[in-house]
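Take a walk through this protein with its two ligands. Keep the sequence and the 3D view side by side.

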Amino acid sequence: MTGHYCDFKNADVLLTCGSNNLENHPVSSKWTQRALDAGATWIVVDPRFTRTASMADIYCPIRSGTDIAFYGGMLNYIIENDLWQHEYVINYTNASYLINPDYDFDPATGLFSGWDEETHSYDRTTWGYQTDTETEWDTSESGAYHWVEGEGVPEFTPPVLKTPKKDPTLQDPNCVWQLMKKHYSRYTIETVCDICGMDPETLELVYKTYASTGAPEKSGTILYALGQTQHHYGSENTRIMTLVQLILGNVGVAGGGLNALRGEPNVQGATDMAMLVFDFPGYLKWPHAVDSPDLRTWLEGQTYSDGFYTNKPKFFISGLKEWFGEHATLENDYGYDWLPKIPKNGADFTTIGTFELMDQGIMKGYFAWGQNPAASDPNTKFIRNAMCNLDWLVAADWTETATASFWRAPDMDPASIQTECYILPAALIYEKSGTILNSGRWLQWRYKAVDPVGGAKPDYEMCDLLWKKIVELYKAEGGACPEPILNTKWDYYVDGVIDPRPVAWALNGYYVDGTDFESGKVDLLPAFANLAADGSTANAMWIYGGFYNNSDAPLDPAQQPIGRREHDDPGNLGLYPSWAFAWPANRRIIYNRASADMNGKPWNPDRVLVEWTGTEWITNDVPDFGFKKTNADGTVEMIPPNNKAFMMKWEQNANFLSTGMKDAALPEHYEPLESPTSNVLNGLQNSPMIKFADNASVQKGDYAEYPIVATTYSITEHWQTGAQTRMCPVLDEIAPKQFIEMSEELAAEKGIANNDDVRVFNNRGSVVLKALVTKRIRPFTINGETVHQVGMIHHWDWTNMYSTGDVVNDLTPNVGDPNSFIPEYKAFLVDVEKA
Ligand SMILES: Nc1nc2c(c(=O)[nH]1)N[C@H]1C(S)=C(S)[C@@H](COP(=O)(O)OP(=O)(O)OC[C@H]3O[C@@H](n4cnc5c(=O)[nH]c(N)nc54)[C@H](O)[C@@H]3O)O[C@H]1N2
Ligand SMILES: Nc1nc2c(c(=O)[nH]1)N[C@H]1C(S)=C(S)[C@@H](COP(=O)(O)OP(=O)(O)OC[C@H]3O[C@@H](n4cnc5c(=O)[nH]c(N)nc54)[C@H](O)[C@@H]3O)O[C@H]1N2
Ligand SMILES: [Mo]
């Protein structure tokens, strides 16, 4: 999230699209309700009339998988009707930047320029800017980048700042604005309705209502989650929402922003910590065998030419310093060579790729640690069978999940499966302490309430036991490459016992001199601004810098910024800066410079995040821009307003057209892998970069055989695979059975009555669920034909003592997005019949 839950109350218009936030994120409703009480309008866009929709002012149905068409149409509507925020777009975005004249998008082929059929990827050169001037970093004694020359800083050639050519009148045919305008001019109301299936009046009302937030003083917020992300173009779905929010001037303002309602506790923290295969903690890039074989190539490839990421070497070297401690030195590139490198085809090691490796017998051992892929991952029948090829499987969980007992699934033959399965009993959240982050990026400390039951242990204790054994073996036997293991810093103990508080010191960062974890003496860094690239600071997660910085009480979370619980609220905007700690730097609304005009005057005087008085900045939120500087003589000077509102980009302006994504320069509509219609917007059915679609395991189904669009989702009463909630008899009593929602029309066509058992099937699997025949789902008219959609909840499997059922993921396709590798759980084809 760029904002946080409390900020919903500041919105003039709320748009929930691709989330059922009342059901899945109930606390958000407290803040959306405050907006409604203050007169806001709420729009919900969802294939079905959800519990959230029942509270909204406007409900707009949409066929699953077509959100890019919906938002592309909105962009077109806003541009055509001149409803965009001119001053914001011209000054704070790259709308005026000139793009390479060879840039092109061809609707006939559905491809952007630079497509290479052989490598099946884009060369993104033609999506880049035309350069105006080139500036080298000033590393002289008085220069801003003098630190590059410092002792201990590894040698690298700093990047050259290539300032792009611009046309502030936005008239040049090669400027981003004109290219974007042309691109979305194809997305007319009629075309969008044909693709998405809503009626033109409703669609226009949605567009008009949301576009009203283009007025400078108005703000609109978008709440989204899996309805947007779980598609093979899920990242582009997310990006097109950014385009809408930028064109309306809704990013960086109170009551605006892109608000992904996060899922599992603690998915925000896990993502920060590099749960994704291509990440290094704090959203830095993990070393790659081809792109960054050594430290120098990493530094040269990753360091930005301008903006805040010019500091990346400081974050990364401090990261290595924490990873390898005293063993990380300038001479050995701070241990860079000891980090494993992502091989050329890194996709193999994503979740979907992992099971292909298992299927091929290449991956022989598997840890399912606090996850239940035999029920939660796509194409679970294939996954169960792939698991049979494992020599061993370890499940660290508090209960015997479907994964731990995959061999016991109704369709398996245990006698023929040789996999050795272990369960490590895990303590649950109430039985251990540590940090957790909410959707708004707030770090909070959780205290242990009770001791773990039986032999269960906190996950970090299990890791520690495992780690010690591995080190012991490497010490005794050497092995192929013992250095990475033997040189890793692992001293997170208090009185000899593994403990999350020393981990917090590492996450916050500290001065290496003056710190010795083992004796408990730490010199914690005030903030990430204090990080250095010369080995003098260590930090496991630069974005957390400052959350745990009180060196006088290193063992007491309550005396740290993370432990604050004050209610002060400057500006009365729900910022609560003294409640817990929000990364980065306790900033509640990211890009908050964009909340004020070029003179630093807030667009809305009642929603002041930052304001330039003429001599200084008023700051209700922590400023997200260079707002002051310290001179050589130590005096501090305020920096007057300028156009640098997005300092995490090297341009310091937000991007509409961009080279940042692998699959498109501008988000473009493609159909889901399995779709009931053909793509009418361009000549390509699926995104050219869809991942894993050629794998035999996918078994793509066709419309002729499986004519019904299906989606999956959650309900309040259960949690994901139900491993936890189906163990609660009260929850099973409220929500005892897995159901499929279908329209009255489809039910009549198939001779199905409410509460009947229904078989749902496609090439991958077949499951039996209860029919929930409802008016909440209506048939769509898509490109002139009637198309039915159904929705299924997915909280069941064969395990559990109270409530069992079929695994809905037996039906979902194991294809993914090329940027995030998220599976396409939200749109695929099935057929149904009375069981
Ligand atoms: N009680 C409870 N709370 C939960 C969870 C739970 O299992 N139970 N899970 C947690 C987790 S891990 C997560 S990630 C979040 C998920 O939070 P949400 O994303 O809010 O939950 P979902 O129910 O998966 O899907 C949201 C909506 O997307 C709609 N949808 C389906 N396809 C499309 C589409 O193509 N476009 C659009 N616009 N909408 C579509 C569905 O009809 C559904 O109403 O919830 C978290 N909260
Ligand atoms: N069809 C379909 N499939 C989906 C989705 C969908 O919308 N549709 N949603 C997807 C999403 S967003 C998600 S996040 C995934 C979720 O997928 P999973 O994470 O595989 O599902 P959970 O049921 O949340 O499993 C979490 C497991 O962790 C255990 N656990 C809880 N606390 C702890 C702990 O402290 N330590 C340890 N070691 N274990 C613990 C629980 O008992 C449970 O077995 O499912 C995905 N699958
Ligand atoms: Mo999730």
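This is a predicted model: local features need pLDDT of at least 70, side-chain atom pairs count only at pLDDT 80 or more; totals for chains, interfaces and linings use all residues.

Which backbone N or O atom lies 3.0 Å from an oxygen atom of ligand 1? That atom belongs to Ser714.

An N or O atom in the side chain of Asp46 is 2.6 Å from an oxygen atom of ligand 1. Ser64 brings a polar side-chain atom to 2.9 Å from a nitrogen atom of the ligand. How much of the accessible area of ligand 1 does the protein cover? The ligand has 910 Å² on its own, and the protein covers 96% of that.

Ser19 sits in the loop between strand 1 (13-17) and helix 1 (21-24). Is Ser19 buried or exposed? Its relative accessibility is 4%, so Ser19 counts as buried. The cut-off for buried is under 20%. The side chain of Ser19 reaches the backbone nitrogen of Asn21 at 3.4 Å.

Now look at helix 3, residues 67-80. It has 14 residues. From first C-alpha to last it reaches 20 Å, close to the 20 Å expected at 1.5 Å a residue. Why can helix 3 be called largely enclosed by the rest of the structure? Because 13 of its 14 residues are buried. An α-helix has 3.6 residues a turn, so residues three or four places apart point the same way. After helix 3 comes Asp82, whose phi is positive, near 55°.

An unreviewed UniProt entry gives residues 7-466 as "domain: Molybdopterin oxidoreductase". Over residues 7-466 the chain is 30% helix and 15% strand. The end C-alpha atoms of that stretch are 43 Å apart.

Next, find Ala506 in helix 18 (residues 500-508). Ala506 counts as buried because its relative accessibility is 2%. Which residues does Ala506 touch, not counting those up to four places away in sequence? They are Glu322, Tyr492, Phe517, Asn539, Ala540 and Met541. Take Met541 from that list. Ala506 and Met541 are 35 residues apart along the chain, yet their C-alpha atoms are separated by 7.8 Å.

Move on to a second annotated stretch. The unreviewed UniProt entry marks residues 710-828 as "domain: Molybdopterin dinucleotide-binding". Here the chain is 11% helix and 29% strand. The end C-alpha atoms are 5 Å apart.

Finish at ligand 2. How many residues surround ligand 2? There are 28, and the closest are Glu264, Asn372, Asp397, Lys432 and Thr721. A polar side-chain atom of Asp397 lies 2.6 Å from an oxygen atom of ligand 2. The side chain of Thr712 has an N or O atom 2.9 Å from a nitrogen atom of the ligand. Lys826 places a polar side-chain atom 3.0 Å from an oxygen atom of ligand 2. On its own, ligand 2 has 920 Å² of accessible area, of which the protein covers 87%.

How values were computed
Residues are numbered from 1 along each chain as its sequence is written. Chains are lettered from A and ligands numbered from 1 in the order in which they are written. Side-chain values use heavy atoms; hydrogens and water are left out. UniProt positions are given in the numbering used here, feature names are shortened, and annotations may be inferred rather than shown by experiment. Helices (H or I, at least four residues) and strands (E, at least two) are DSSP runs, numbered from the N terminus. Buried means under 20% relative accessible area, exposed over 50%, partly exposed in between (1.4 Å probe, protein chains only). A polar contact is a pair of N or O atoms within 3.5 Å; within protein, one must be able to donate a hydrogen and the other to accept it, and residues adjacent in sequence count only if both atoms are side-chain atoms. The expected span of a helix is 1.5 Å times one less than its number of residues. Accessible areas come from the Shrake-Rupley method with a 1.4 Å probe; for residues, only the protein chains shown count as cover. Contact means heavy atoms within 4.5 Å. A residue is near a molecule or strand if one of its heavy atoms lies within 4 Å of it.
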